[in-house]
Amino acid sequence: MEAGIVSIFKEMVTLFAIVGVGYGAKKARFMNDQFDRMLSRLVINLALPGMILGSVLTADALPPREEILVTLALSCASYGVLLAVAYGFTTILRIPDGHRGVYRFMLCFGNVGFIGYPVLSAIFGPEALIYAAVFNLPFNFFVFTVGAWFLTQDTDGDVKVQTSWRTFVTPVMLSCVAAMALTLAGIHHAPILGDALSNLGSITTPAALLIIGSSLANMPVRDLLGGPRLWACAAFRLLVTPVIIWAVFHWFVPAGLLLSICIVISGMPVATNGTMLCYQYGGNSRVMAQGTFVTTVLALVSIPVLVAFVSWVG
């Protein structure tokens, strides 16, 4: 377990390093706001769909269909709880108009791929990752439908983005539906196509981190850490939400791998693709970048606490 925590720490340092490169690139004028928006569109419409489909088509094996259905159902139910938590938090803390969508996004959607998978692997071993990948399929669907809708309710300027059902019929959403269909059909090994899609998707994480760093460079240094509401949201996201998830689900989900995956994923830092989505859907990219940065910094402390909690209840 100690070696696993060291591995997680290295992942976090890697994340900060790439964010730092993005910060320096903006200051050195290698990146600007227009480039950030164009890179975001490229990643969201091409690289991310490739990553989603590639994760299925490069899998060596899948769980039995019954376990897949249970995993998908638990994942969907957990996002229902997170949605209720997000609305309750923003109401109680009186988050102002123009920021509510970003706060709700931050409370619902965590960084599963870059941080969650290494944490799960460190706790339970590599065999847990196939279940985590199935559990994460609804994340990709909800983040680009519900999450995108959250962000359209905020403004990063003077005009809100006009939405219709077509707004959410995107390459990412279609790739999520296709990935779920392939998983349920037991189709998971297409070496050439899967490897090509996976390689295309490999640019997603570094590009997202560069965009976060570039967004942070738009702020004075004193504003990088945000204010009291942001820190309350970060603490809630990292420490309180996993307890709520456990309190709700431990009554009818047996203690074990699936419940533990659900708890761990609910305590990850804010998803790195949030800032990219703000550029695409008009959300407040400043607050999103602050939230991503702060939760990732605090995760250096919160993840060992989360690991101890999961070990205790699981």
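Trainee: Which side chain makes a polar contact with the side chain of Asn284?
Mentor: This is a predicted model, in which local features need pLDDT of at least 70 and side-chain atom pairs count only at pLDDT 80 or more, while totals for chains, interfaces and linings use all residues. Residues are numbered from 1 along each chain as its sequence is written, and side-chain values use heavy atoms, leaving out hydrogens and water. A polar contact is a pair of N or O atoms within 3.5 Å, one able to donate a hydrogen and the other to accept it, with residues adjacent in sequence counting only if both atoms are side-chain atoms. At 3.4 Å, the partner of the Asn284 side chain is the side chain of His99.

Trainee: Is Asn284 buried or exposed?
Mentor: Asn284 sits in the loop between α13 (273–281) and α14 (285–313), helices being DSSP runs of H or I with at least four residues, numbered from the N terminus. Its relative accessible area is 9%, and under 20% is buried, over 50% exposed and in between partly exposed, with a 1.4 Å probe on protein chains only. Asn284 is therefore buried.

Trainee: How many of the 16 residues of α6 are buried?
Mentor: The buried residues of α6 include Ala128, Tyr131, Ala132, Val134, Phe135, Asn136, Leu137 and Pro138, and among the others are Phe139, Asn140, Phe142 and Val143. Helix α6 is largely enclosed by the rest of the structure, because its buried residues number twelve.

Trainee: Which element gives the most to the lining of the largest cavity?
Mentor: On a 1 Å grid over the protein atoms alone, a cavity is a set of points where a 1.4 Å probe fits but cannot get out, a pocket is an open set with protein on both sides within 12 Å along at least five of seven lines, and lining residues have an atom within 4 Å of a point. The lining of the largest cavity includes Ser55, Val56, Ala59, Ile130, Ala133, Val134, Leu137 and Thr183, and at least two of its lining residues come from each of α2 and α6. With four residues, the element that gives the most is α6.

Trainee: How many residues does α6 give to the lining of the largest pocket?
Mentor: Helix α6 also gives the most to the lining of the largest pocket. Its contribution there is seven residues.

Trainee: Which helices each supply at least two residues of the lining of the second largest cavity?
Mentor: Ser78, Tyr79 and Leu82 are among the residues lining the second largest cavity, and Phe135, Cys262, Ile265 and Ser266 are others. The helices that each supply at least two of its lining residues are α3 (65–92) and α12 (257–266).
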